[in-house]
Amino acid sequence: MTFRLLHTMIRVRDLDASVAFYTKLLCMRLLRRMDFPEGRFTLAFVGYGDESDHAVLEGGSTTIAFVEDPDGYDIELVERS
């Protein structure tokens, strides 16, 4: 069994500014955006290609677990269906 990074999540203060940064400066594409008004948050996924072939940034699938890296960032582990 091989594993690969599917996506990583970063929390941002201004989603529109962050999407503009990644898409305009780093030439990534906005792959999808999902609004969750009841939870008062929005998810945006950006990357150089679709998650089937590339790792992307989330800024889901079935959440399996979160682990915290040494700097305090949450790494979300998800199961690919």
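**Close-up 1. The side chains of Asp 16 and Arg 33 form a salt bridge, 3.3 Å from N to O.** A salt bridge here is a side-chain nitrogen of Lys or Arg within 4 Å of a carboxyl oxygen of Asp or Glu. Asp 16 belongs to helix 1 (residues 15–25) and Arg 33 to strand 2, so the pair ties together parts 17 residues apart in sequence. Helices (H or I, at least four residues) and strands (E, at least two) are DSSP runs, numbered from the N terminus. Asp 16 is exposed at 51% relative accessibility, while Arg 33 is partly exposed at 40%. Buried means under 20% relative accessible area, exposed over 50%, and partly exposed in between (1.4 Å probe, protein chains only). This is a predicted model, in which local features need pLDDT of at least 70 and side-chain atom pairs count only at pLDDT 80 or more, whereas totals for chains, interfaces and linings use all residues. Residues are numbered from 1 along each chain as its sequence is written, and side-chain values use heavy atoms, leaving out hydrogens and water.

**Close-up 2. A salt bridge joins the side chains of Arg 32 and Glu 51 (2.8 Å, N to O).** Arg 32 is in strand 2 and Glu 51 in the loop between strand 3 and strand 4, 19 residues apart. Arg 32 is partly exposed at 30% relative accessibility; Glu 51 is buried, at 11%.

**Close-up 3. Strand 2 and strand 3 form a hairpin with four residues between them.** The two strands pair in the antiparallel sense over seven bridges; pairing requires that DSSP finds at least two bridges between two strands. Asp 35 has Thr 42 in strand 3 as its bridge partner. In the turn, Arg 40 has a positive phi of about 60°.
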